[in-house]
Amino acid sequence: MPKRKRFLIFSNYLPHVLNFRGKLLESIAKLGYEIHVVSPALDKYTADYNELIGRGYHIHQIAMQRTGTNPVKDIKTFIHSYQLLNSVKPEYILSYTIKPVVYGTLAAWLARVPYRFVLISGLGYTFQHVEETNKRSILQKFVHALYQQALAKSSKVFFQNNDDLNLLKKLNIVQLSLPTVVVNGSGVDLNDFNVFPLPRNESGAVKPSFLLIARLLKDKGIVEYVEASKQIKREYSDAEFHLVGSIDENPAAIEQAQLDQWIADGDIIYWGQLKDVRPAIAASSVYVLPSYREGTSRSVLEAMSMGRAIITTDAPGCRETVTTGINGYLVPVQAVTELIEAMRQFIEYPNLYEQMGSASRDIAVDRYDVRKVNAHMIAEMGLA
(Lines give C-alpha, C1' and ligand atoms only; values in the text may rest on other atoms or scores of the structure.)
Protein backbone atom coordinates (compact mmCIF):
# COMPACT_ATOMS: atom_id res chain seq x y z
CA MET A 1 0.00 0.00 0.00
CA PRO A 2 1.53 3.35 -1.02
CA LYS A 3 2.32 5.82 1.75
CA ARG A 4 -0.25 8.60 2.10
CA LYS A 5 0.83 12.11 1.24
CA ARG A 6 1.02 14.48 4.19
CA PHE A 7 -0.82 17.82 4.37
CA LEU A 8 0.22 20.12 7.21
CA ILE A 9 -1.61 23.22 8.44
CA PHE A 10 0.35 25.75 10.50
CA SER A 11 -1.71 27.84 12.93
CA ASN A 12 -1.09 30.17 15.88
CA TYR A 13 -4.30 29.26 17.78
CA LEU A 14 -5.65 25.70 18.00
CA PRO A 15 -9.40 26.52 18.43
CA HIS A 16 -9.35 28.38 15.10
CA VAL A 17 -8.15 25.25 13.30
CA LEU A 18 -11.47 23.54 13.99
CA ASN A 19 -13.63 26.63 13.76
CA PHE A 20 -12.21 28.17 10.58
CA ARG A 21 -10.39 25.32 8.79
CA GLY A 22 -12.14 22.22 10.11
CA LYS A 23 -14.27 21.63 7.01
CA LEU A 24 -11.28 22.23 4.73
CA LEU A 25 -9.18 19.64 6.58
CA GLU A 26 -12.12 17.23 6.56
CA SER A 27 -12.37 17.52 2.76
CA ILE A 28 -8.61 17.05 2.32
CA ALA A 29 -8.61 14.00 4.63
CA LYS A 30 -11.41 12.46 2.55
CA LEU A 31 -9.11 12.72 -0.48
CA GLY A 32 -6.71 10.35 1.31
CA TYR A 33 -4.19 12.77 2.79
CA GLU A 34 -2.58 12.32 6.21
CA ILE A 35 -3.39 15.50 8.15
CA HIS A 36 -0.88 17.24 10.43
CA VAL A 37 -1.68 20.28 12.57
CA VAL A 38 0.96 22.57 14.10
CA SER A 39 -0.02 25.04 16.83
CA PRO A 40 1.30 26.47 20.13
CA ALA A 41 0.01 25.97 23.71
CA LEU A 42 -1.81 22.69 23.09
CA ASP A 43 -2.28 22.10 26.82
CA LYS A 44 -4.62 25.13 27.03
CA TYR A 45 -7.09 23.69 24.50
CA THR A 46 -7.56 20.05 25.47
CA ALA A 47 -11.10 19.79 24.03
CA ASP A 48 -9.96 21.00 20.60
CA TYR A 49 -6.84 18.81 20.80
CA ASN A 50 -8.90 15.72 21.63
CA GLU A 51 -11.39 16.39 18.84
CA LEU A 52 -8.62 16.75 16.26
CA ILE A 53 -6.93 13.58 17.53
CA GLY A 54 -10.31 11.84 17.36
CA ARG A 55 -10.47 12.68 13.67
CA GLY A 56 -7.21 10.84 13.13
CA TYR A 57 -5.05 13.94 12.69
CA HIS A 58 -1.47 14.28 13.93
CA ILE A 59 -1.00 17.26 16.27
CA HIS A 60 2.37 18.93 16.89
CA GLN A 61 3.18 21.62 19.43
CA ILE A 62 5.32 24.60 18.43
CA ALA A 63 7.00 27.15 20.69
CA MET A 64 5.41 30.42 19.57
CA GLN A 65 4.10 33.67 21.02
CA ARG A 66 0.90 34.69 19.23
CA THR A 67 1.78 38.36 19.66
CA GLY A 68 4.93 40.28 20.53
CA THR A 69 8.20 40.87 18.73
CA ASN A 70 10.81 39.31 20.99
CA PRO A 71 13.59 38.45 18.47
CA VAL A 72 15.11 35.68 20.61
CA LYS A 73 11.76 33.89 20.98
CA ASP A 74 10.95 34.38 17.30
CA ILE A 75 14.30 32.90 16.26
CA LYS A 76 13.54 29.90 18.48
CA THR A 77 10.15 29.60 16.77
CA PHE A 78 11.82 29.57 13.36
CA ILE A 79 14.40 26.93 14.40
CA HIS A 80 11.73 24.76 16.00
CA SER A 81 9.55 25.12 12.88
CA TYR A 82 12.40 23.94 10.66
CA GLN A 83 13.20 20.96 12.92
CA LEU A 84 9.54 19.95 13.05
CA LEU A 85 8.96 20.24 9.30
CA ASN A 86 12.20 18.43 8.54
CA SER A 87 10.99 15.60 10.77
CA VAL A 88 7.39 15.36 9.52
CA LYS A 89 8.36 15.95 5.87
CA PRO A 90 4.94 17.02 4.57
CA GLU A 91 4.39 17.34 0.84
CA TYR A 92 2.03 20.30 1.37
CA ILE A 93 1.87 23.09 3.96
CA LEU A 94 -0.76 25.80 4.43
CA SER A 95 0.13 28.63 6.82
CA TYR A 96 -2.08 31.49 7.99
CA THR A 97 -1.76 34.43 10.42
CA ILE A 98 1.45 36.41 10.60
CA LYS A 99 3.96 34.22 12.49
CA PRO A 100 2.98 30.91 10.86
CA VAL A 101 3.09 32.66 7.48
CA VAL A 102 6.53 34.14 8.08
CA TYR A 103 8.34 31.48 10.09
CA GLY A 104 6.37 28.48 8.87
CA THR A 105 6.80 29.31 5.18
CA LEU A 106 10.52 30.18 5.45
CA ALA A 107 11.15 27.03 7.50
CA ALA A 108 9.18 24.94 4.96
CA TRP A 109 11.31 26.34 2.14
CA LEU A 110 14.48 25.50 4.07
CA ALA A 111 13.13 22.00 4.87
CA ARG A 112 12.35 21.53 1.16
CA VAL A 113 8.61 21.07 1.54
CA PRO A 114 7.56 20.90 -2.14
CA TYR A 115 4.28 22.86 -2.01
CA ARG A 116 4.09 25.87 0.31
CA PHE A 117 0.76 27.70 0.44
CA VAL A 118 -0.13 30.85 2.36
CA LEU A 119 -3.57 32.12 3.34
CA ILE A 120 -3.81 35.83 4.11
CA SER A 121 -6.93 35.84 6.29
CA GLY A 122 -6.48 39.50 7.25
CA LEU A 123 -3.60 41.97 7.54
CA GLY A 124 -3.84 43.07 11.17
CA TYR A 125 -2.58 46.15 12.97
CA THR A 126 0.86 46.23 11.30
CA PHE A 127 -0.86 47.24 8.05
CA GLN A 128 -3.30 49.76 9.51
CA HIS A 129 -3.26 53.31 8.10
CA VAL A 130 -0.44 52.45 5.65
CA GLU A 131 -2.71 53.04 2.66
CA GLU A 132 -4.05 56.37 3.91
CA THR A 133 -0.77 57.89 5.17
CA ASN A 134 1.73 56.14 2.87
CA LYS A 135 4.04 56.06 5.91
CA ARG A 136 5.41 53.07 7.79
CA SER A 137 6.92 52.78 11.26
CA ILE A 138 10.16 50.88 11.85
CA LEU A 139 8.13 47.92 13.18
CA GLN A 140 5.86 47.96 10.13
CA LYS A 141 8.83 48.06 7.74
CA PHE A 142 10.40 45.11 9.56
CA VAL A 143 7.20 43.02 9.53
CA HIS A 144 6.55 43.87 5.88
CA ALA A 145 10.10 42.81 4.95
CA LEU A 146 9.53 39.46 6.66
CA TYR A 147 6.25 39.04 4.79
CA GLN A 148 8.00 39.83 1.52
CA GLN A 149 10.68 37.18 2.13
CA ALA A 150 8.17 34.54 3.20
CA LEU A 151 5.71 35.10 0.35
CA ALA A 152 8.56 34.99 -2.16
CA LYS A 153 9.21 31.41 -0.95
CA SER A 154 5.60 30.32 -1.27
CA SER A 155 4.05 28.39 -4.14
CA LYS A 156 0.79 30.34 -4.11
CA VAL A 157 -0.92 32.88 -1.86
CA PHE A 158 -4.65 32.88 -1.10
CA PHE A 159 -6.36 36.17 -0.24
CA GLN A 160 -9.87 36.71 1.11
CA ASN A 161 -10.39 40.05 -0.62
CA ASN A 162 -8.92 42.03 -3.50
CA ASP A 163 -8.04 45.01 -1.32
CA ASP A 164 -5.47 43.03 0.68
CA LEU A 165 -3.96 41.63 -2.50
CA ASN A 166 -3.71 45.07 -4.10
CA LEU A 167 -2.19 46.64 -0.97
CA LEU A 168 0.55 43.99 -0.77
CA LYS A 169 1.27 44.50 -4.46
CA LYS A 170 1.44 48.26 -3.92
CA LEU A 171 3.89 47.78 -1.03
CA ASN A 172 5.95 45.43 -3.23
CA ILE A 173 5.42 42.60 -0.73
CA VAL A 174 3.75 40.47 -3.40
CA GLN A 175 5.76 40.24 -6.60
CA LEU A 176 3.86 40.21 -9.88
CA SER A 177 5.28 36.76 -10.72
CA LEU A 178 3.84 35.19 -7.53
CA PRO A 179 0.66 33.13 -8.15
CA THR A 180 -2.26 34.56 -6.15
CA VAL A 181 -5.91 33.59 -5.75
CA VAL A 182 -8.83 35.43 -4.14
CA VAL A 183 -11.37 33.18 -2.38
CA ASN A 184 -14.69 34.01 -0.72
CA GLY A 185 -13.46 34.04 2.87
CA SER A 186 -13.41 30.82 4.88
CA GLY A 187 -16.95 30.01 3.81
CA VAL A 188 -19.82 29.01 6.07
CA ASP A 189 -21.57 25.68 6.63
CA LEU A 190 -25.11 26.46 5.45
CA ASN A 191 -26.50 23.45 7.31
CA ASP A 192 -24.90 24.29 10.65
CA PHE A 193 -25.91 27.94 10.29
CA ASN A 194 -29.43 27.59 8.99
CA VAL A 195 -32.12 30.28 8.95
CA PHE A 196 -33.50 30.95 12.44
CA PRO A 197 -36.65 32.96 13.27
CA LEU A 198 -36.11 36.59 14.25
CA PRO A 199 -36.51 37.39 17.97
CA ARG A 200 -39.85 38.98 18.82
CA ASN A 201 -41.29 40.85 21.78
CA GLU A 202 -44.59 40.07 23.57
CA SER A 203 -46.62 41.94 20.94
CA GLY A 204 -45.11 39.83 18.17
CA ALA A 205 -42.99 42.63 16.68
CA VAL A 206 -39.35 41.96 15.81
CA LYS A 207 -37.03 43.04 18.63
CA PRO A 208 -34.51 45.79 17.82
CA SER A 209 -31.65 43.53 18.88
CA PHE A 210 -28.12 44.18 17.59
CA LEU A 211 -25.10 41.89 17.89
CA LEU A 212 -21.33 42.13 17.48
CA ILE A 213 -19.06 39.07 17.68
CA ALA A 214 -15.33 39.81 17.68
CA ARG A 215 -12.10 39.73 19.57
CA LEU A 216 -12.39 42.75 21.83
CA LEU A 217 -10.03 45.00 19.87
CA LYS A 218 -10.46 48.69 19.14
CA ASP A 219 -9.94 48.04 15.43
CA LYS A 220 -13.00 45.77 15.40
CA GLY A 221 -15.08 48.91 16.05
CA ILE A 222 -16.03 47.91 19.60
CA VAL A 223 -15.85 51.49 20.90
CA GLU A 224 -18.02 52.82 18.05
CA TYR A 225 -20.54 50.02 18.65
CA VAL A 226 -20.87 50.87 22.34
CA GLU A 227 -21.14 54.60 21.63
CA ALA A 228 -23.95 53.87 19.14
CA SER A 229 -25.61 51.73 21.81
CA LYS A 230 -25.58 54.60 24.32
CA GLN A 231 -27.23 57.00 21.88
CA ILE A 232 -29.77 54.57 20.40
CA LYS A 233 -30.92 53.46 23.86
CA ARG A 234 -31.69 57.08 24.78
CA GLU A 235 -34.20 57.17 21.90
CA TYR A 236 -35.39 53.54 21.93
CA SER A 237 -35.28 52.06 25.42
CA ASP A 238 -36.22 48.56 24.22
CA ALA A 239 -33.19 48.29 21.89
CA GLU A 240 -30.68 45.59 22.86
CA PHE A 241 -26.96 45.51 22.12
CA HIS A 242 -25.26 42.14 22.47
CA LEU A 243 -21.50 41.55 22.50
CA VAL A 244 -19.65 38.23 22.16
CA GLY A 245 -15.89 37.84 22.45
CA SER A 246 -12.94 37.95 24.79
CA ILE A 247 -10.11 40.37 25.48
CA ASP A 248 -7.14 39.48 23.30
CA GLU A 249 -3.37 39.64 23.76
CA ASN A 250 -3.01 42.47 21.29
CA PRO A 251 -1.82 46.10 21.42
CA ALA A 252 -5.29 47.20 20.29
CA ALA A 253 -7.17 45.25 22.99
CA ILE A 254 -9.96 46.85 25.05
CA GLU A 255 -9.08 47.18 28.74
CA GLN A 256 -10.92 44.88 31.15
CA ALA A 257 -11.95 47.90 33.26
CA GLN A 258 -13.56 49.49 30.20
CA LEU A 259 -15.51 46.32 29.41
CA ASP A 260 -16.65 46.04 33.05
CA GLN A 261 -17.90 49.65 32.95
CA TRP A 262 -19.92 49.06 29.78
CA ILE A 263 -21.56 46.03 31.37
CA ALA A 264 -22.27 47.88 34.64
CA ASP A 265 -23.79 50.82 32.75
CA GLY A 266 -26.09 48.52 30.80
CA ASP A 267 -24.66 49.60 27.45
CA ILE A 268 -24.25 45.99 26.32
CA ILE A 269 -25.46 42.49 27.09
CA TYR A 270 -22.16 40.60 27.34
CA TRP A 271 -22.07 36.91 26.49
CA GLY A 272 -18.34 36.34 26.98
CA GLN A 273 -16.48 33.98 24.67
CA LEU A 274 -18.72 31.38 23.02
CA LYS A 275 -17.75 28.06 21.49
CA ASP A 276 -21.08 28.08 19.64
CA VAL A 277 -22.24 31.55 18.52
CA ARG A 278 -25.57 30.43 17.07
CA PRO A 279 -27.63 31.20 20.22
CA ALA A 280 -26.31 34.78 20.18
CA ILE A 281 -27.11 35.20 16.47
CA ALA A 282 -30.58 33.73 17.05
CA ALA A 283 -31.17 36.35 19.78
CA SER A 284 -30.34 39.18 17.37
CA SER A 285 -32.19 40.78 14.48
CA VAL A 286 -29.23 42.68 12.97
CA TYR A 287 -25.55 41.77 12.95
CA VAL A 288 -23.09 44.68 13.27
CA LEU A 289 -19.35 44.70 12.54
CA PRO A 290 -17.86 48.23 12.49
CA SER A 291 -14.37 46.83 11.80
CA TYR A 292 -11.53 48.91 10.37
CA ARG A 293 -10.31 46.03 8.15
CA GLU A 294 -10.90 42.27 7.75
CA GLY A 295 -9.91 39.35 5.55
CA THR A 296 -13.53 38.31 5.26
CA SER A 297 -15.29 38.10 8.61
CA ARG A 298 -16.51 34.59 9.39
CA SER A 299 -19.01 35.95 11.94
CA VAL A 300 -20.65 38.11 9.24
CA LEU A 301 -21.02 35.06 6.99
CA GLU A 302 -22.53 33.03 9.83
CA ALA A 303 -25.04 35.78 10.60
CA MET A 304 -25.92 36.09 6.90
CA SER A 305 -26.42 32.33 6.65
CA MET A 306 -28.83 32.48 9.61
CA GLY A 307 -30.88 35.15 7.84
CA ARG A 308 -29.69 38.31 9.53
CA ALA A 309 -29.30 41.77 7.99
CA ILE A 310 -25.79 43.23 8.26
CA ILE A 311 -24.36 46.63 9.17
CA THR A 312 -20.64 46.82 8.49
CA THR A 313 -18.03 49.25 7.24
CA ASP A 314 -17.02 50.24 3.74
CA ALA A 315 -13.61 48.72 4.44
CA PRO A 316 -11.54 45.86 2.97
CA GLY A 317 -12.98 42.47 3.83
CA CYS A 318 -16.26 44.04 5.00
CA ARG A 319 -17.67 45.81 1.95
CA GLU A 320 -17.73 42.55 -0.06
CA THR A 321 -20.47 41.07 2.14
CA VAL A 322 -23.07 43.85 1.89
CA THR A 323 -24.93 45.55 -0.90
CA THR A 324 -26.36 48.68 0.70
CA GLY A 325 -30.15 48.65 0.70
CA ILE A 326 -30.28 44.95 -0.25
CA ASN A 327 -28.98 42.94 2.73
CA GLY A 328 -27.89 45.78 5.00
CA TYR A 329 -25.88 48.99 5.14
CA LEU A 330 -22.25 50.00 4.71
CA VAL A 331 -20.99 52.87 6.87
CA PRO A 332 -17.63 54.67 6.92
CA VAL A 333 -14.94 53.43 9.32
CA GLN A 334 -15.12 55.04 12.79
CA ALA A 335 -18.29 56.93 11.82
CA VAL A 336 -20.60 56.70 14.83
CA THR A 337 -23.24 59.05 13.40
CA GLU A 338 -23.66 56.96 10.23
CA LEU A 339 -23.64 53.75 12.28
CA ILE A 340 -26.49 55.09 14.45
CA GLU A 341 -28.44 56.16 11.38
CA ALA A 342 -28.13 52.66 9.87
CA MET A 343 -29.41 51.11 13.11
CA ARG A 344 -32.26 53.62 13.24
CA GLN A 345 -33.41 52.51 9.76
CA PHE A 346 -34.25 49.06 11.09
CA ILE A 347 -36.01 50.35 14.19
CA GLU A 348 -38.16 52.78 12.22
CA TYR A 349 -38.79 50.43 9.28
CA PRO A 350 -39.09 46.98 10.91
CA ASN A 351 -40.02 45.27 7.64
CA LEU A 352 -36.29 45.57 6.75
CA TYR A 353 -35.28 42.96 9.33
CA GLU A 354 -36.86 40.09 7.43
CA GLN A 355 -36.43 41.55 3.94
CA MET A 356 -32.69 42.17 4.27
CA GLY A 357 -32.14 39.04 6.37
CA SER A 358 -33.60 36.92 3.58
CA ALA A 359 -31.31 38.63 1.06
CA SER A 360 -28.33 37.86 3.31
CA ARG A 361 -29.17 34.17 3.28
CA ASP A 362 -29.45 34.19 -0.53
CA ILE A 363 -25.99 35.80 -0.83
CA ALA A 364 -24.51 33.28 1.61
CA VAL A 365 -25.91 30.39 -0.43
CA ASP A 366 -24.69 31.84 -3.71
CA ARG A 367 -21.18 32.98 -2.74
CA TYR A 368 -20.08 31.70 0.66
CA ASP A 369 -21.05 28.03 0.89
CA VAL A 370 -18.04 26.41 2.60
CA ARG A 371 -18.16 23.47 0.17
CA LYS A 372 -17.68 25.80 -2.79
CA VAL A 373 -14.90 27.77 -1.07
CA ASN A 374 -13.03 24.62 -0.01
CA ALA A 375 -13.39 23.01 -3.45
CA HIS A 376 -11.86 26.16 -4.95
CA MET A 377 -8.88 26.06 -2.54
CA ILE A 378 -8.33 22.30 -2.97
CA ALA A 379 -8.29 22.68 -6.75
CA GLU A 380 -5.87 25.63 -6.57
CA MET A 381 -3.53 23.63 -4.31
CA GLY A 382 -3.62 20.69 -6.75
CA LEU A 383 -4.83 18.26 -4.09
CA ALA A 384 -7.68 16.68 -6.04
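Close-up 1. You will find F142 in helix α6, residues 138-152; helices (H or I, at least four residues) and strands (E, at least two) are DSSP runs, numbered from the N terminus. Together with Y125 and L139, F142 makes a nonpolar surface patch of about 270 Å². Patches are made of residues with over 30% relative accessible area and no salt bridge, where like charges are joined within 9 Å and nonpolar side chains (Val, Leu, Ile, Met, Phe, Trp, Tyr) within 5 Å. A salt bridge here is a side-chain nitrogen of Lys or Arg within 4 Å of a carboxyl oxygen of Asp or Glu, and accessible areas come from the Shrake-Rupley method with a 1.4 Å probe, with only the protein chains shown counting as cover for residues. Y125 sits in the loop between β5 (115-120) and α5 (130-133), and is partly exposed at 31% relative accessibility.

A word on the model: it is predicted, so local features need pLDDT of at least 70 and side-chain atom pairs count only at pLDDT 80 or more, while totals for chains, interfaces and linings use all residues. Residues are numbered from 1 along each chain as its sequence is written, and side-chain values use heavy atoms, leaving out hydrogens and water.

**Close-up 2. Strand β4 and its neighbours.** Strand β4 (residues 92-96) is mostly covered, with five of its five residues buried. Y92, L94 and Y96 lie on one side, and I93 and S95 on the other. Strand β1 (residues 6-10) pairs with β4 in the parallel sense over four bridges; strands pair if DSSP finds at least two bridges between them. Look for L8, whose bridge partner in β4 is I93. β4 also runs parallel to β5, joined by five bridges, and there S95 stands opposite V118.

**Close-up 3. Two loop residues with positive phi.** A41 has a phi near 55°, a positive value in a residue other than glycine. Its place is the loop between β2 (34-39) and α2 (46-54), and at 24% relative accessibility A41 counts as partly exposed. R112, in the loop between α4 (98-110) and β5, has a positive phi near 60°. R112 is exposed, with a relative accessible area of 74%.

**Close-up 4. The nonpolar cores.** Which residues have the most contacts inside the largest nonpolar core? They are F210, I222, Y287, I311, M343 and F346, in a core of 57 residues. Helix α12 (residues 336-348) gives the most to this core, with seven residues. A nonpolar core is a set of buried Ala, Val, Leu, Ile, Met, Phe, Trp, Tyr and Cys residues joined through side-chain atoms within 4.5 Å. Not counting residues up to four places away in sequence, F210 touches several residues, among them Y225, F241, V286, I311 and M343; contact means heavy atoms within 4.5 Å. A second, separate core of 29 residues includes I9, V17, L18 and Y57.

**Close-up 5. Helix α11 under cover.** Eight of the eight residues of helix α11 (residues 298-305) are buried, including R298, E302 and M304. What covers them includes α1 (14-30), β8 (209-213), α10 (278-282), β11 (286-289), β12 (309-313) and α13 (351-367). After α11 comes G307, with a positive phi near 85°.

Note on methods
Buried means under 20% relative accessible area, exposed over 50%, partly exposed in between (1.4 Å probe, protein chains only).
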